[in-house]
Amino acid sequence: MTSRSYTCAIVGTGAIAGAHAEAIAQLAGRARLVGAVDVDADRAAAFAASWDVPAYPTPAALLQDGRPDLVHVCTPPGTHLPLALECLAAGAVPVVEKPPVLSLAGVDRLRAAEEATGVPMATVFQHRFGSGAVRLRRLVAEGALGRPLVASASTLWFRDDDYFAVPWRGKWELEGGGPTMGHGIHQFDLLLSILGPWRSVTAIAARQARPTDTEDVSAALVRFESGAVATVVNSLVSPRQTSQLRFDFERATVDLEHLYGYTDAHWTFTAAPTAPDVASAWDSGPTDTPSGHTAQLAAVLDALDTGGTPPVSTADTRMTMEFVAAVYASAFTGGTVEQGEITDGHPFYDSMAGTGAPWPTTSDLRSSR
């Protein structure tokens with residue numbers, strides 16, 4: 001395989017932009033940062049100066065004058081869809097931070113734009129790309145661990161009230177949802193990438209403590225097409241922060257505990273008493289590659305080199321976003337939601353808020369005082 005060098009640009013120069021710029025720098029020779037833009041011109045100029053690239057006044061100017069091969073979209077969630085569509089129309093591959101859009105309808109608009117332009121896009125779910133996850137997916141595909149039986153994914157994080165002082169946070173129309181949409185999505189996306197298609201979701205959600213319109217806690221019971229069952233918990237009110245995944249197969253248990261990123265040292269493999277030989281399968285595989293933006297960007301470039309579809313594709317993204325919509329739909333209506341149920345015309349297709357959260361908005365609370 002012959003690798004070419006790709007030019008990259010960054011739209012949105014807030015905190016996460018540094019991780020993208022560092023990933024591009026780590027892949028020197030394969031990727032090169034050529035520009036940046038932000039609605040805050042001073043912030044864009046400072047970021048661009050720190051990476052020795054030009055700052056552009058608008059995304060349109062960046063696309064026209066910089067002509068990047070890839071555009072890393074690092075802006076608040078509510079702006080992702082129009083920016084990604086603008087990139088696709090200009091022939092640039094959008095690499096979009098999570099959540100990529102605010103609804104299933106938005107995902108389908110992106111998929112239609114991909115088809116119309118012939119340009120692919122990728123969603124940033126970097127936890128799929130650490131060597132531990134790559135190894136586990138391979139062993140599952142090979143059947144080495146036996147059937148998946150039960151699993152769990154818990155994102156137990158803490159965000160104080162001040163965190164939500166940023167105007168777009170905690171608002172359905174700007175952030176799309178709470179920890180189900182913007183925080184736990186990394187862990188359960190990894191869960192879905194291991195266990196495959198889900199069949200049904202039964203969930204609850206609550207606003208326990210934070211000054212938001214969205215939830216700050218959710219929990220779901222999930223059935224998979226494989227027959228496996230799983231629990232998924234997402235929280236922003238947990239003082240001891242941790243991110244945990246556990247997979248129980250017929251022949252082994254595989255655990256992961258970390259916070260915002262992992263290495264092989266964060267994984268634990270326990271062979272079943274009846275299958276001690278399976279441990280050698282876990283010990284084989286790729287060298288220790290941390291989860292992170294560098295690992296995913298390398299995989300995106302590998303795919304582009306061969307004319308393939310960059311990961312995480314819009315098809316993969318849709319499975320995860322449909323899961324998010326199902327959690328909200330189940331939590332807010334009290335029913336079980338089946339895969340494929342939320343389509344055009346469904347209340348939760350155009351907005352994760354759907355029929356509305358079962359608690360008053362923050363503006364309602366203020367007006368009642």
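Does Cys74 count as buried or exposed, and at what relative accessibility? At 9% relative accessibility, Cys74 counts as buried. The views below come from a predicted model, in which local features need pLDDT of at least 70, side-chain atom pairs count only at pLDDT 80 or more, and totals for chains, interfaces and linings use all residues. Residues are numbered from 1 along each chain as its sequence is written, and side-chain values use heavy atoms, leaving out hydrogens and water.

View 1. Buried means under 20% relative accessible area (exposed is over 50%, partly exposed in between; 1.4 Å probe, protein chains only). With a disulfide defined as a pair of cysteine sulfur atoms within 2.5 Å, the count is 0.

**View 2. Helix H4 and its packing partners.** Helices (H or I, at least four residues) and strands (E, at least two) are DSSP runs, numbered from the N terminus. H4 spans residues 80–90, and its buried residues include His80, Leu85 and Cys87. The buried residues of H4 pack against strands E1 (6–11), E4 (70–73) and E5 (93–96), and against helices H3 (59–66) and H5 (104–117); contact means heavy atoms within 4.5 Å. Gly91 follows H4 with a positive phi, near 85 degrees.

**View 3. Helix H12, mostly covered.** H12 (residues 314–333) has 20 residues and reaches 27 Å from its first C-alpha to its last, close to the expected 28 Å. That expected span is 1.5 Å times one less than the number of residues. Of the 20 residues in H12, 16 are buried. Just after H12, Gly334 takes a positive phi of about 85 degrees.
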